[in-house]
Amino acid sequence: TDFSEPMESIHLVSSPDSPEFNHLTRALTHSSVIGLDAEWKPIRTHQSTFPTVSLLQIACQLPGDDDSSVESPVFLIDLASIPLQSIYQLIRDAFVSPNILKLGFRFKQDLVYLSSTFCANGCEPGFDRVEPFLDITSIYNNLQRKQPGRRLSKQTKSLATICQEVLGISLSKELQCSDWSQRPLTEEQMQYAAVDAYCLIHILEVFKTKAVTEGNSVESATGLQLSQLDLGLKQIFDTQQNSNKMCGIKFGEALEMVQAIPPDFCKTIPISDEEVTALSPDQANRMDYVLSQIVRKYGDKILLSESDRKPKISRKKAKKSSGRVANTRSPAEVGEEWQGPPPWDATSGGDGCPKFLCDVMVEGLAKHLRCVGIDAAVPYSKKPESRDLIEQACKEKRVLLTRDAKLLRHDYLLKNQIYRVKSLLKNDQLVEVIETFQLEISEDQLMSRCTKCNGKFIQKPLTTEEAVEAAKGFQVIPNCLFNKNLEFWQCMDCKQLYWEGTQYRNAVQKFVDVCKLNE
């Protein structure tokens, strides 16, 4: 299984008369497990109503053409376009079907907002129940308990963290707060939304496989011995990170827990009469034995009460005014506008070369700045303290870029060396920094720094033969480049090699467009 797969199996459902709607209907009648997620436009202030859900994502798992293959289509139901009454009963039935295990990550809030959205469009009584349900956090906690000697953290992990630890992949959450009410959705938004639901299915597969290989109630129930299982090669997620993909695969990491299960093991096993009421055997999407055991042991449900359906009004909002006109801006907000001049300014004794330090909240911005030729460093450690950031910025004479308003409290220590980035998306953040600091960007500067470490390139390019020699034991030069007479550039710091291939040309064109260099 490869996480590039969902990018090719996304189905946007925006009309009840579309082939995508028919595909969704078939998928829900043949899936025994689905992953759920929802997106809505972020609310910045307290409101008396719930936000309107714009998109519902449903990841399904279907048997392929042969016994050993599995299809995993992801359906993006465009609630801003499709008549909600046309989809309401189908979704409601899926939410309460005993034959479908629903997966989610802290899905109760999503369900509250979904129910409110449908009720507002004449679909009473909305949604009040999801059953059987399994929260990915619960799966994660059970997987951790299977690791002896490891203490369980009481802190709730984010979905990105769980995917990193369980699947060995890195999920970008950059688009979480984008405007999901705008149409059409961008390709990046669709990919982001699809992956969020798709990864839930794969985390469950890890859990199922772990249950099988460790013999949790399976060996005694089926009579199979663990030695009979054909344990295949561990799968390796090897896809290189791509700025256009919302799912960046960490290079060379192995998905340690997922192993192949013989295709005939997880075929549907007839169940006793006692089980028929919960898992009807005449359904096309009845659960296999392992999944039904997981539902029995770990299955849960989401129930919405009347109080859940009413927005909670902030008590602070209801306090009476004292009659005096107060300054409504916090000290952080007062100081977040850039004052200048920056430390590199010639009037301050600088060398005229812009230098930034991007904290962990805008680490992606650092790579974008490097791509347009700007010196952009990142913190020395992965979890730096405020004093560490201040010390590094002062020592290296950089402007600290952050989205953390709390850091602005230290402005007195970093006079004209701290700026709070307001934009959410990396491209917008790049434009904001260029405009705020009046940076001059030319096409000659593009891709002139190492995006990996921020180092500078050697002055003279290497030939193919020289590049192969420099890369020995460090980096693999693809064979297809040998006859193309290319020039190679090497970072003087980390020794990474670069060449002007398709990826380079696409990146140059991207930043020409983002920075509007043709205008």
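Let's start with two helices, H1 (residues 19-30) and H2 (residues 84-96), whose axes come within 11 Å and cross at roughly 20°. Helices (H or I, at least four residues) and strands (E, at least two) are DSSP runs, numbered from the N terminus. Axes are lines fitted to C-alpha atoms, for helices over the stretch in contact, and angles run from 0 to 180 degrees between N-to-C directions. That angle makes H1 roughly parallel to H2 (under 35 degrees is roughly parallel, over 145 roughly antiparallel, 65 to 115 roughly perpendicular, and the rest oblique). Phe-21, Leu-24, Thr-25 and Leu-28 of H1 make the contact with Ser-86, Ile-87, Leu-90 and Ala-94 of H2, where contact means heavy atoms within 4.5 Å. Sorted by type, the residues of this H1 and H2 contact are six nonpolar, two polar and no charged. Here Ala, Val, Leu, Ile, Met, Phe, Trp, Tyr, Cys and Pro count as nonpolar, Asp, Glu, Lys and Arg as charged, and the others, Gly among them, as polar.

A word on what you're looking at: this is a predicted model, where local features need pLDDT of at least 70 and side-chain atom pairs count only at pLDDT 80 or more, while totals for chains, interfaces and linings use all residues. Residues are numbered from 1 along each chain as its sequence is written, and side-chain values use heavy atoms, with hydrogens and water left out.

Now try helix H6 (residues 187-213) and helix H8 (residues 289-298): their axes come within 10 Å and cross at roughly 95°. So H6 is roughly perpendicular to H8. Leu-204, Phe-207, Lys-208 and Val-212 in H6 meet Val-290, Leu-291, Ile-294 and Tyr-298 in H8. In this H6 and H8 contact, seven residues are nonpolar, none polar and one charged.

On to the strands. Four of them form an open sheet, ordered E15-E14-E16-E17, with parallel pairing; two strands pair if DSSP finds at least two bridges between them. Strands E15 (375-377) and E17 (418-420) stand at the edges with a single partner strand each, so one side of each has no neighbour in the sheet. The twist from one strand to the next averages 30°. Three bridges join E14 (residues 355-358) to E15, and Phe-356 has Ala-376 in E15 as its bridge partner. Helix H11 (residues 363-371) packs on this sheet, touching E14, E15 and E16 (399-402), and its direction makes about 160° with that of E15.
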